[in-house]
Structure formats: C-alpha cells, structure tokens
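I'm opening my notebook on this one. I want to see how the chains are built and how they meet.

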Amino acid sequence: MLEFYGKRFGSRLLLGTARYPSPAILADAVRASTCEIVTVSLRRESGDMRAGQDFWALMKELGTHILPNTAGCHSAREAVTTARMAREVFATSWIKLEVIGDSDTLQPDPFGLVEAARILCSEGFEVFPYMNDDLVVAEKLVEAGCRVLMPWGAPIGSGRGLNNPYALRTMRAHFPDITLVVDAGLGVPSHAAAAMELGYDAVLVNTAVAKAGDPVAMARAFAAAVEAGRLAFEADPIDALDMAVPSTPLLGKALL
Amino acid sequence: MKIVLNGKSHETASTDLASLLAEIDFADAIVATALNGEFVSVDQRDGVSLQPGDRVEIVAPMQGG
C-alpha cells in the first residue's frame, strides 16, 4: 500500500482542488477519482466574500486527507511562515513544500527548498517537497528529513507529461525506500500510467482533471490509469529491444 | 491608526490582533494570521499589540494544486 509518513492509503492518485468550473464539479471529481488525499492552499480571506469558509466546509464534507501547499512562495522564509499557518488551520503536520525559483516555468528553487525543508523538518513537519528531478537536491532533502519526494514531470499546468523519464527512473533506483510522487505537468492519463510503470508510488494531478472538458470523467480516467500503471509495474514489464522477436513459434510452420 | 490588512490600508481602533479579528467579524472564522511576515498563532493573538503601519495577513483555506 501507499504510505506517507506512517499513514497508509489505498488510492495512489492525489488530486489538486484548484481551477474546477465549480465547487460541485470539484466535489464530483474528487469522488469519481476515489482519491484519499487532496491538496489545498491558504489565501487572503476578504471580509464580505468568505469564500474560504465555504471551501473548507466542502472539504470537510468530502472527508479526504488534506495536504496543504505553500504555492506561490518565492523564498524559504515565506514558505516556512505559510507552512506554520497551514499547520494551525488544517490541523496537520503535512506540508507540500513549494519554493518557486522562476516565474515562467514555476521551476522550484532548489536552494530555498532545501533551506525551508531543514527548518520545517526540525519543527516536526512532515514535508512533501515539490522539486525538480536533480539527484543531489533529492539527497539534500532526504538528509533534511524528508521521507517523501515529489519531482515534477513537467512545469505545473503544462500538460507535457514526463519530460525526462531517464531522470525519474534514476531517482526511483537511487531512493528505493523513499516514497516518490510525480507532481506536476501531467496532461493525460497515459502520462500517469507511465509514471507508475517507472515504479513511482503515486502521482499528483490537478490541471489535467480540472480543465478537462469533463473533469469528472477525466478524474475517473486518471484513477484507472494510475491503477493500470501500478499493476504493470508490479507485473515486471519486459525490457525494450531494438530488433523483433517473433511471438508465434516458428517450429511446426508449414513449408509452403 | 492605519495598518495594512491583506495588502490594503485599513483604519482600526483595535490595539491587538485578537481585537482586530473581532472588529472585522472574523473571531470565529477558520483563518490563520501573520504580523509583519511572522506567523501569529491563535493563542498569541491577544498578546500581540498592533502598531501604526503594521502589515497583517489573514488567510483562509482555498483551492490549491
């Protein structure tokens, strides 16, 4: 089973809650995905709108585990403060740690990420770092205390899939005991299946579901792909070859 | 005095963070607070005095990826 910091889960799909056409469609997509963990954020609450209170009521109704993020933070200091606020509001020590280094690609800042991870791990947080696919950064995050790593497939919201399968495969081989999640950049269910076939423990998807023509159906499709990819990984896929190998036996073929 | 509340200028008679939240009808809301970039927990709010020009952030659960 999938395990995050001692908690076990049946579903290997994590779903983001942003960019859906409506709260009702978000709720239906979460239910259709059968996911057990959703990501959320903290944003300024205005006096008259109270949108946050309504959103929180919906999340409580869905009853999934909550993984708060530090999305939009561009420094370790900002991310740490956001994490501390999230721990109080959501009553969880889980934090999806994002420290953004580049506004165009939303590429993580590896230096700020490691700095923030060290502080948060020392304060008892259970950190899910959103990172690039650099092995050295991964090592530093594990040294800081992270037991989960979340390398990107591609830039957030880009839908490009796995830009660098080699790096992801290498990371899986290098960290057999760390829970690995491909987070960001997936566009279609086959991308999720490919990540799972590499041996990743889970995938996190948001935009690909939320912005699909039918988010509820797409949530179901991603859930099926994640399950198929995991089954394929456990079934030990064959190696790719350069040349053909006949599948029908030649022995006994009629000489015509 | 004037403070900056969630990025906007705000006139307040409150002298501490807990009073400010009550003043804007947020006393019972699910929110977290920060003063000048530092987290202020629920328990600390009534002990944190406000000064003119302070930057107060009040955040609530929101959709996220």
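First, a term I need: helices (H or I, at least four residues) and strands (E, at least two) are DSSP runs, numbered from the N terminus. I started with helix H1 (residues 23-33) of chain A, where A:Asp28 and A:Arg31 sit three residues apart, so about one helical turn separates them. Their side chains meet in a salt bridge, 3.4 Å from N to O. That term means a side-chain nitrogen of Lys or Arg within 4 Å of a carboxyl oxygen of Asp or Glu.

Ground rules, before going on. I'm looking at a predicted model, where local features need pLDDT of at least 70 and side-chain atom pairs count only at pLDDT 80 or more, while totals for chains, interfaces and linings use all residues. Residues are numbered from 1 along each chain as its sequence is written, chains are lettered from A and ligands numbered from 1 in the order in which they are written, and side-chain values use heavy atoms, with hydrogens and water left out.

**Entry: the chains**

I looked up chain A and found nine helices and 10 strands. Its radius of gyration is 20 Å, close to the 18 Å that the globule rule gives for 256 residues, so chain A is as compact as a globular protein of that length. (The radius is taken over C-alpha atoms, and the rule is 2.2 Å times the number of residues to the power 0.38.) The C-alpha trace of chain A spans about 85 × 40 × 35 Å along its principal axes.

Chain B has one helix and five strands, in the order β-β-α-β-β-β along the sequence. Here the radius of gyration is 11 Å, close to the 11 Å that the rule gives for 65 residues, so chain B is also as compact as a globular protein of its length. Its C-alpha trace spans about 35 × 25 × 20 Å along the principal axes.

**Entry: where they meet**

How many residues of chain A are in contact with chain B? I got 29, against 27 residues of chain B, with contact meaning heavy atoms within 4.5 Å. The two chains bury about 2300 Å² between them, 57% of it on carbon and sulfur atoms. (Buried area is the accessible area, with a 1.4 Å probe, that two parts lose on being put together, summed over both.) A:Arg44, A:Met85 and A:Glu88 supply 26% of the area that chain A buries here, more than any other three residues.

I then checked charges and found three salt bridges between chain A and chain B. One pairs A:Arg44 with B:Glu57, the closest N and O atoms being 2.7 Å apart. Over all chains, the structure holds 11 salt bridges.

**Entry: strands across the gap**

E4(A) and strand E5 (residues 55-63) of chain B run antiparallel, joined by five bridges. (Strands pair if DSSP finds at least two bridges between them.) I picked out one partner: A:Leu42 is bridged to B:Pro61.

**Entry: one residue up close**

Last, I clicked on B:Phe39, which lies in strand E4 (residues 38-40) of chain B. Which residues does B:Phe39 touch, leaving out those up to four places away in sequence? On chain A I noted A:Thr81, A:Arg84, A:Met85 and A:Glu88, and on chain B there are B:Thr33, B:Ala34 and B:Gln44. B:Ala29 is 10 residues from B:Phe39 in sequence, and 17 Å away in space, C-alpha to C-alpha.
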